[in-house]
Amino acid sequence: MSDTGRDPSSSPDVTVVDHPLVRVKLTRLRDKTTPSGEFRRLVREIAMLMAFEATRTLATVIDRVETPMSGYEGKALAQPVIIAPILRAGLGLAEGMNSLLSDASTGHIGIYRNEETAEPQSYYLHLPPHVAEADVLVVDPMLATGGSAISAIGKLKEHGVTRIRFVCLVSCKTGIERLCAAHPDVPIFTAEIDPELNSRSYIVPGLGDAGDRYFGT
Ligand code: PRP
Ligand code: URA
């Protein structure tokens, strides 16, 4: 339960992707002895499992094809999908998701946290031209104070995006509550919700600095 007395995972906009493979892989990811090569592979694998859940309610339209035997009425996605990683650490999730969503375009959102204040600092934004018509999956492994995600989603909305989903691996109650309050229309998909932030706004137990571990810096 959080400071406000509300259980964030009970919100209809928050989905905890509670799957044994996700839990097992996330445990390896959290382990401080996991080397960066394995860390990168795990991020990509968990991203595929998260993508499956985060795309479950995407709208579809009828797609008629000819099999070698007859006509078949199947489905195609109704709108284009854009995967929008928050740099740097979101790049690994984006790569994993792209292996399931091979037609998706990528939008890059450059934001880092000021080390003293933990406030988000924006340094880069490059979005595909059709961003306003797309379903956009904003991806970042960590949702800590929520500042980076709130800022990233705000930028997408300024560009006319109306269908946004946020996908992370490790979140915490503070980040979820702040993101839900700032963007109540954006569903959140997370692998786990950790109990707290430390005095430097790092998630505990968390997994440390996701970008540094992913890139071995
Ligand atoms: C990390 C992480 C998120 C942000 C989360 O990025 O990947 O973007 O912090 O924290 P918040 O919820 O408090 O904003 P970081 O600033 O370390 O940048 P990096 O990915 O370039 O290392
Ligand atoms: N960013 C990270 O990479 N890890 C945290 O715990 C918080 C912010």
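This is a dialogue on how to read some features of a predicted model.

User: Where do Tyr112 and Tyr123 lie?

Analyst: Helices (H or I, at least four residues) and strands (E, at least two) are DSSP runs, numbered from the N terminus. Tyr112 is in strand β6 (residues 108-113) and Tyr123 in strand β7 (residues 120-126), so the pair ties together parts that are 11 residues apart in sequence. Tyr214 and Phe215 form an aromatic pair that is edge-to-face, with 4.9 Å from centre to centre and 75° between the planes.

User: Is Tyr214 buried or exposed?

Analyst: Buried means under 20% relative accessible area, exposed over 50%, and partly exposed in between (1.4 Å probe, protein chains only). Tyr214 has 5% relative accessibility, so Tyr214 counts as buried. Phe215, at 33%, is partly exposed. In the tilted pair, Tyr112 is partly exposed at 46%, and Tyr123 is partly exposed at 44%.

User: Which charged end sits over a ring?

Analyst: A charge sits over a ring if NZ of Lys or CZ of Arg is within 6 Å of the ring centre and within 35 degrees of the ring normal. The charged end of Arg113 sits over the ring of Tyr202, 5.2 Å from its centre.

User: How many salt bridges does a search of the whole structure find?

Analyst: Side chains of opposite charge can pair when their charged atoms come close. A salt bridge is a side-chain nitrogen of Lys or Arg within 4 Å of a carboxyl oxygen of Asp or Glu. The search finds 14 salt bridges. Among them, Arg28 and Asp31 meet at 2.7 Å, N to O; Arg28 is partly exposed at 36%, and Asp31 is partly exposed at 23%.

User: What does the salt bridge of Arg30 with Asp194 tie together?

Analyst: The closest N and O atoms of Arg30 and Asp194 are 2.8 Å apart. Arg30 lies in helix α1 (residues 20-30) and Asp194 in strand β11 (residues 188-194), so the pair ties together parts that are 164 residues apart in sequence. Arg30 is buried at 18% relative accessibility, and Asp194 is buried at 3%. Both residues belong to a network of salt bridges that links Asp18, Arg23, Arg30, Glu192 and Asp194.

User: What is the volume of the largest pocket?

Analyst: Rolling a probe the size of a water molecule over the atoms shows where empty space is left. On a 1 Å grid over the protein atoms alone, where a 1.4 Å probe fits, a pocket is an open set of points with protein on both sides within 12 Å along at least five of seven lines; lining residues have an atom within 4 Å of a point. Grid points are joined across faces, edges and corners, and a volume is the space filled by probe spheres set on the points. The largest pocket has a volume of about 720 Å³.

User: Which residues lie nearest the centre of the largest pocket?

Analyst: Tyr112, Arg113, Tyr202, Asp209 and Gly211 do, out of 32 lining residues. The lining divides into 16 nonpolar, 9 polar and 7 charged residues. Here Ala, Val, Leu, Ile, Met, Phe, Trp, Tyr, Cys and Pro count as nonpolar, Asp, Glu, Lys and Arg as charged, and the others, Gly among them, as polar.

Terms used: Residues are numbered from 1 along each chain as its sequence is written. Chains are lettered from A and ligands numbered from 1 in the order in which they are written. This is a predicted model: local features need pLDDT of at least 70, side-chain atom pairs count only at pLDDT 80 or more; totals for chains, interfaces and linings use all residues. Side-chain values use heavy atoms; hydrogens and water are left out. Rings of Phe, Tyr and Trp (its six-membered ring) pair if their centres lie within 6.5 Å; planes under 30 degrees apart count as stacked, over 60 as edge-to-face and the rest as tilted.
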